[in-house]
Amino acid sequence: MIILFRNVVYLYLILIVNIYMCSYFLNKLSSRVELKRGFSASRAKGLGYPVLKLFRYLSKDDRLNIWEILIFFFSFFIWTIIPFSPTLIIIRFENDLVIAILFYMILLFLILMNASRSRYGFIFKNATKNILMIYNFFIPVIFCISGIVLINRTLTLKEIVGFQYQYWNIIYQPLGFIVMFASALLLMKLFNITKKSTLFLGQNIEKEGYGFGRLMVRISYYSTLFFIIVMIIILYLAGWQNLFFINGNIIFGIKFYIIFLILVLLDKATPQLNDYSYLLSINWKFLIPVAAVNFLLTIVFFILRNIYGII
Amino acid sequence: MRRVIKDFFAGFGNLFRKPRNAVYPKEKIIIPEGSRGIPKFRLDLDSLEIICNGCGDCRKACPENCIEIKKTAGEGGREVLDEFYLDLSKCIFCGNCVEVCSLDAIEMTYRHQLAETGKKSFRLEKLDLIKQSDYSLRDFWTK
């Protein structure tokens, strides 16, 4: 019981520290890319910025609704099954990859429900459109994950990491990695985490205020982004495997922040995508075909190796 | 796609460059050359007197009518400059007065911080305009 409690505390500490760091780095990186200084109202290079933002959210009174409470619960609950390290798992399942995907879908569904309760037609229309599009972007991701499952022949995340002790999965599935990365980038663009979104936050704040509920929704956006990044690391970049003599947990953190940095830079380098038909065409004309080809190649490879024993 | 890659590396390079904007009162900046601040009177280096003879060309050229000149009769019946007023609250720093002046008696300084407590202090007299010569160096702000 004590070990479980300790794990819960560790897990949420890691999450809170990461959300703090990502919020700080997003502000700094996105302004430094534009040769600006970023937030520096407080001393120590604007380290207090995320705290200030938190108080800005809490300063306004807002009635909590049931979806926001559920989002709050789920955005933390999703991390109980995804392992950051081999020991830091709270709920152990046999096929935790499937359950992780299921939880992710439920979280997205809750965000969808929360967005659709808005009184304003503009917010309702755009937010529901965005989240349905995020569901669309999950189709190629499922193709990629099934490819990985076929290669490693397991549905447990811990075992998938264990299989990569010699060669990382990115060597076997480079196309899958690219597709997964692209879908993570598009997810980041749709949630508009780097800048004040016109779709999710910008105009909503003026109409619907900050409040505690909006903070929860914001955390859930970070949670979904972290989910995709952690899945990329676990499935393709060997998770917490030691690299030479460096501890695996440190390596995990370094990989996380490198991917995060690349995502932020790519997000800055690409224009703001508000054209839904263009986004759909990216998905259906590039991501899904590439993911499907990758999956078919993996199936052919799987049949040749395991059924006919040729390779 | 090529443009995205180019922008990506440009953004990455920007992370290691110095930011363009400055934290204003804390960080000192050098004002660009040729920028126009408060006008000042030039002095004759031999006699240390004002070169301006009060001809009034600058007053005619001023689009905002912020210059006021009073003349008196001096030695030998010549008209000499008595009083010269410049209303900074009206001045738009166009530099017409400097261009028009045939004696080069007026010059623009680099002083750009004009915050004052009262409106009266914006009305500069002859002596005030002589004092502005401290700000004729471009990097006066950094000293």
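1. Helix H5 of chain A, in this predicted model, has a buried set made up of Asp96(A), Leu97(A), Ala100(A), Phe103(A), Tyr104(A), Leu107(A), Leu108(A), Leu110(A), Ile111(A), Asn114(A) and Ala115(A). These residues lie on the same side of H5(A), because the arc they cover around the axis is only 155°. An α-helix has 3.6 residues a turn, so residues three or four places apart point the same way. On the face turned away from the buried side, H5(A) carries the exposed residues Leu102(A) and Met105(A).

2. H5(A) runs over residues 96-116, and its 21 residues should span 30 Å at 1.5 Å a residue. The C-alpha atoms at its ends are 30 Å apart, which agrees with that expectation.

3. Next, the nonpolar cores. The largest one has 69 residues, and Ile229(A) and Ile232(A) are those with the most contacts inside it. H11(A) supplies the largest share of this core, 14 residues. Another core, of 14 residues, lies apart from it and includes Leu81(B), Cys97(B), Ala105(B) and Ile106(B). In soluble globular proteins, nonpolar side chains tend to be buried together. Leaving aside residues up to four places away in sequence, Ile232(A) touches Met180(A), Phe181(A), Ala184(A), Leu237(A) and Ile259(A).

4. Chain B has an open sheet of three strands in the order E2-E3-E5, with antiparallel pairing. E2(B) and E5(B), the latter at residues 123-124, stand at the edges; each has a single partner strand, so one side of each is left without a neighbour in the sheet. Strands of a sheet pair through backbone hydrogen bonds, either parallel or antiparallel.

5. The two pairings in this sheet can be taken in turn. E2(B), residues 67-73, and E3(B), residues 79-87, are joined over seven bridges in the antiparallel sense. Within this pair, Lys70(B) stands opposite Glu83(B). The two strands form a hairpin with five residues between them, and Gly76(B) in the turn has a positive phi of about 70°. E3(B) and E5(B) pair over two bridges, also in the antiparallel sense, and Asp87(B) stands opposite Arg123(B) in E5(B).

6. Two backbone angles deserve a look. Most residues other than glycine have a negative phi, and most peptide bonds are trans. Phe244(A), however, has a positive phi near 55°. Phe244(A) sits in the loop between H11 and helix H12 (248-269) of chain A, and it is exposed, because there are 5 other C-beta atoms within 10 Å. Phe93(B) is not a glycine either, yet its phi is positive at about 55°. Phe93(B) belongs to the loop between E3 and helix H3 (96-100) of chain B. With 15 C-beta neighbours inside 10 Å, Phe93(B) counts as partly exposed.

7. A further loop residue in chain B is Ile30(B), found between helix H1 (2-14) and strand E1 (39-41). Ile30(B) has 11 other C-beta atoms within 10 Å and is therefore exposed. Lys126(B) is 96 residues from Ile30(B) along the chain, and their C-alpha atoms are separated by 28 Å.

8. Last, the contact between the chains. The contact takes 12 residues from chain B and 11 residues from chain A. On the side of chain B that touches chain A, the residues divide into six nonpolar, three polar and three charged.

Notes: Residues numbered from 1 in each chain as written. Chains lettered and ligands numbered in written order. Predicted model: local features only at pLDDT ≥ 70, side-chain atom pairs only at ≥ 80, totals over all residues. Pairing = 2+ DSSP bridges. Helix = DSSP H or I, 4+ residues; strand = E, 2+ residues; numbered from the N terminus. Expected span 1.5 Å × (residues − 1). Buried ≥ 20, exposed ≤ 12 C-beta atoms within 10 Å, placed from the backbone. Arc of directions from axis to C-beta. Contact = placed C-beta atoms within 7 Å. Nonpolar A, V, L, I, M, F, W, Y, C, P; charged D, E, K, R; others polar. Core = buried A, V, L, I, M, F, W, Y, C linked by C-beta atoms within 7 Å.
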